[in-house]
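This briefing sets out selected features of the structure shown below. Points are grouped by topic and may be read alongside the sequence.

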Amino acid sequence: MAFRSITAACALAAFTVSGAAQINITGEWAGRYHEDFDDRVPGDVNGDFTGVPINDAARRHAEAWDVTRVNVLEHQCQPYSLPHIYRGPLQFRIWEEKHPQTQEIIAYRIYIGTYMQSRTIWMDGRPHPPEYAPHTFAGFSTGVWNGDVLTVTTTHIKKEFYRRSGLPSSDRTTVVEHYVRHGNLLSQTLIITDPVYLTEPYVNSQEFERIERGNRNWLYNCEYVMEVPQPRHLVPHYLPGENPFLDEWARLFGTPFEAVFGGAPSTYPEFMPRIEEMMNDEADN
Amino acid sequence: MKRTTSAVVAAGLGLAAAPFLAAQSPIETYHVQGNVYLLAGGASNVAVQVGPDGVLVVDTGGEETADAVLAAIRTLSDGPIRWMVNTHAHRDHTGGNTTVSQAGVTLNGNPAAIIAHEEVPTRMVEEDRPITEWPLNTFFEDRRDFYFNGEAIFLYHHPRGHTDGDIVVYFRGSDVLAAGDLFITTTYPVIDAGYDGGVTGFIDGLNNMLDIAVPAWLQDGGTYVIPGHGRIGDEADVIEYRDMIVIVRDRILDMIAKGMSLDDVRAARPTLDYDPRYDAGDGPGSADAFIEAVYRDLAEGGDQ
């Protein structure tokens, strides 16, 4: 009997595919918001540009941003794009698609409750589409396992924003995600590279907790309708220097506007003394 | 959305020349939706509709890639090339007219018929281009429609946009728009004042595309839009491009109202937020050229 068991085990090992050695990330997951709670749950507000390494082009875009632009018919049902969608409240479900003969993982499929978005992370080594292929808000993703870390690279993402306050993301953005599981927690780190609007990679992270009971994934039935009378094809925006909400967040929290609009330098701990200097200068004045 | 190349198809047919084609052809073929394909890699994008009635080609790219475009069309269909449409007169969109037209045949035995707005052959005559490149099947109304390969095809004319003869082609069954240079994803809009282009017509053309396009699900997919240059888009991409042009136009209008000169306007950088994405550096598609075209169009009364 022992011999037969060993033989069977060897046979199993011979047919066990490499993907099976990785940690299982399938199941239902919900966000935990210990990190950046104010930013992620109530959500960012007008004039909040903190924490993103923006360049001057992004600043000008934010200066022109009128939040009523999302009320335009063609923008109304627009979901968050990949660089932003995991930041807010959400639940999502991950399941595997396996090759019927080899049982190798071909892809991870993901349903994200926010805006009912679907993603596929291809694990079969396929290349990304050519440059002239269409883009989507979720983009085109491929993944590889490095030990127990799943690394996902996404391209072909549509233009949108890193913050609802008008910090734009471009359609040339690349997102690299690292997924690590610790028991019932799934950690996601995003490294966002955008040659159009960022001066350096924008890095953020989120934690998700496995949901053991029930499917809490949301539904989102969006219909675009003219909600207030306005001219068709209107493009709401502010001319340079005329946005009354630009420093709203800075005023609300008593933070120097230069720090709020500071881009990469303001995202590092070394900037804290500079903020204190600015606040002292303001107090003196 | 399958992608094939001439080489791949040739290899599938067991042609001995497949390695040669793989090394030589700059044109790649991409299935957009329904009956419509994109031929990418030339001086401009080419859209091809294939079906039981034959082949319809929207724009033909530059003269230098005409043979490669024709070879790529032949990988999609060996049916007769019946119709061609020119979205406007520029050579990067019409340089392959002669080669493709001569390879086609109408029902009565002539080379494939080239359809365009009447401003297009007028421009070609002015430039002394050969008669075999001219569209001889022209129209002067704001739209024309016909039926081919099982679907209705609409041609919408937008005066004073990229040029004076721009048309947008809509394949209603396939749900694909071929936009010509009224929508590009590579650079700022090229407003050709020498061809009587203008910013208002440009915006009108984009708004017309937005009126036609319907997204499939939350602004992804649905109606696809083949730009004159660059990647395939949908409504969400068109609206971002439209928004950009309207915002820049409004800023320049405001600066004109304040009495600013063209140099003042350039110094104020009204395109700053879009320069890293769309500025071609110099020449057509550059920020400088775009600002100047909009300024002159608005300040000199073209669109007021």
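This is a predicted model: local features need pLDDT of at least 70, side-chain atom pairs count only at pLDDT 80 or more; totals for chains, interfaces and linings use all residues.

In E6(B), B:Ile81 is the bridge partner of B:Val55. This pair belongs to a parallel pairing of E5(B) with strand E6 (residues 81-85) of chain B, made over 4 bridges.

**Strand E5 of chain B and its partners**

- Strand E5 (residues 54-58) of chain B is largely enclosed by the rest of the structure, because 5 of its 5 residues are buried.
- Strand E4 (residues 46-51) of chain B pairs with E5(B) in the antiparallel sense, over 5 bridges.
- E4(B) and E5(B) form a hairpin, and 2 residues lie between them.
- Within the pairing of these strands, B:Gly51 stands opposite B:Gly54 in E5(B).
- A right-handed β-α-β unit is made by E5(B), helix H3 (residues 66-76) of chain B and E6(B).

**B:Val57**

- B:Val57 has its place in strand E5 of chain B.
- There are 29 other C-beta atoms within 10 Å of B:Val57; a residue is buried if 20 or more lie within that distance, so B:Val57 is buried.
- Not counting residues up to four places away in sequence, B:Val57 touches B:Val46, B:Val48, B:Ile73, B:Ile81, B:Met84 and B:Val100.
- One of these contacts, B:Ile81, is also the residue that bridges to B:Val55.
- B:Val57 and B:Asp282 are 225 residues apart along the chain, and their C-alpha atoms are separated by 31 Å.

**B:Gly173 and its loop**

- The loop between strand E11 (166-171) and strand E12 (176-178) of chain B contains B:Gly173.
- B:Gly173 has 17 C-beta neighbours inside 10 Å and therefore counts as partly exposed.
- When neighbours within four places in sequence are left aside, B:Gly173 is in contact with B:Gly34, B:Gly150, B:Glu151 and B:Ala152.

**The open sheet of chain B**

- In chain B, 6 strands form an open sheet in the order E9-E10-E11-E12-E13-E14, and the pairing is mixed.
- Strand E9 (143-148) and E14 of chain B are the edge strands, each pairing on one side only.
- Strand E13 (residues 224-226) of chain B and E14(B) are paired in the antiparallel sense over 2 bridges.
- B:Val225 stands opposite B:Gly233 in E14(B).

**Chain A: overall composition**

- Chain A has 8 helices and 11 strands.
- Of the 285 residues in chain A, buried residues make up 32%.
- Taken along the principal axes, the C-alpha atoms of chain A fill a box of roughly 85 × 50 × 40 Å.
- Among contacts in chain A between residues at least 6 apart in sequence, those joining residues at least 24 apart account for 59%.

**Chain A: barrel**

- In chain A, 9 strands close into a barrel with mixed pairing, in the order E1-E2-E3-E4-E5-E6-E9-E10-E11.
- From one strand to the next, the twist averages 30 degrees.
- Strand E4 (residues 117-122) and strand E5 (residues 140-146) of chain A run parallel and are joined by 2 bridges.
- A:Trp122 stands opposite A:Thr142 in E5(A).

**Chain A: domains**

- The domain assignment gives chain A a domain 1 (27-211) and a domain 2 (250-280).
- A distance of 27 Å separates the C-alpha centres of domain 1 and domain 2 of chain A.
- In chain A, 10 residues of domain 1 are in contact with 6 residues of domain 2.
- The side of domain 1 of chain A that touches domain 2 of chain A has 3 nonpolar, 5 polar and 2 charged residues.

**Contact between the chains**

- Chain B has 32 residues in contact with 30 residues of chain A.
- Elements of chain B that each supply at least two residues of the side touching chain A include strand E2 (28-33), strand E3 (36-40), helix H7 (199-212) and helix H10 (275-278).
- H8(B) provides the largest share of the side of chain B that touches chain A, 11 residues.
- By class, the residues on the side of chain B that touches chain A are 14 nonpolar, 3 polar and 15 charged.

Note on methods
Residues are numbered from 1 along each chain as its sequence is written. Chains are lettered from A and ligands numbered from 1 in the order in which they are written. Two residues are in contact if their C-beta atoms, placed from the backbone, lie within 7 Å. Ala, Val, Leu, Ile, Met, Phe, Trp, Tyr, Cys and Pro count as nonpolar, Asp, Glu, Lys and Arg as charged, and the others, Gly among them, as polar. Two strands pair if DSSP finds at least two bridges between them. Axes are lines fitted to C-alpha atoms, for helices over the stretch in contact, and angles run from 0 to 180 degrees between N-to-C directions. Domain bounds come from an automatic or database domain assignment. A residue is buried if 20 or more other C-beta atoms lie within 10 Å of its own, exposed if 12 or fewer, and partly exposed in between; C-beta atoms are placed from the backbone. A crossover is right-handed if, with the strands pointing away from the viewer, the path from the first strand over the helix to the second runs clockwise.
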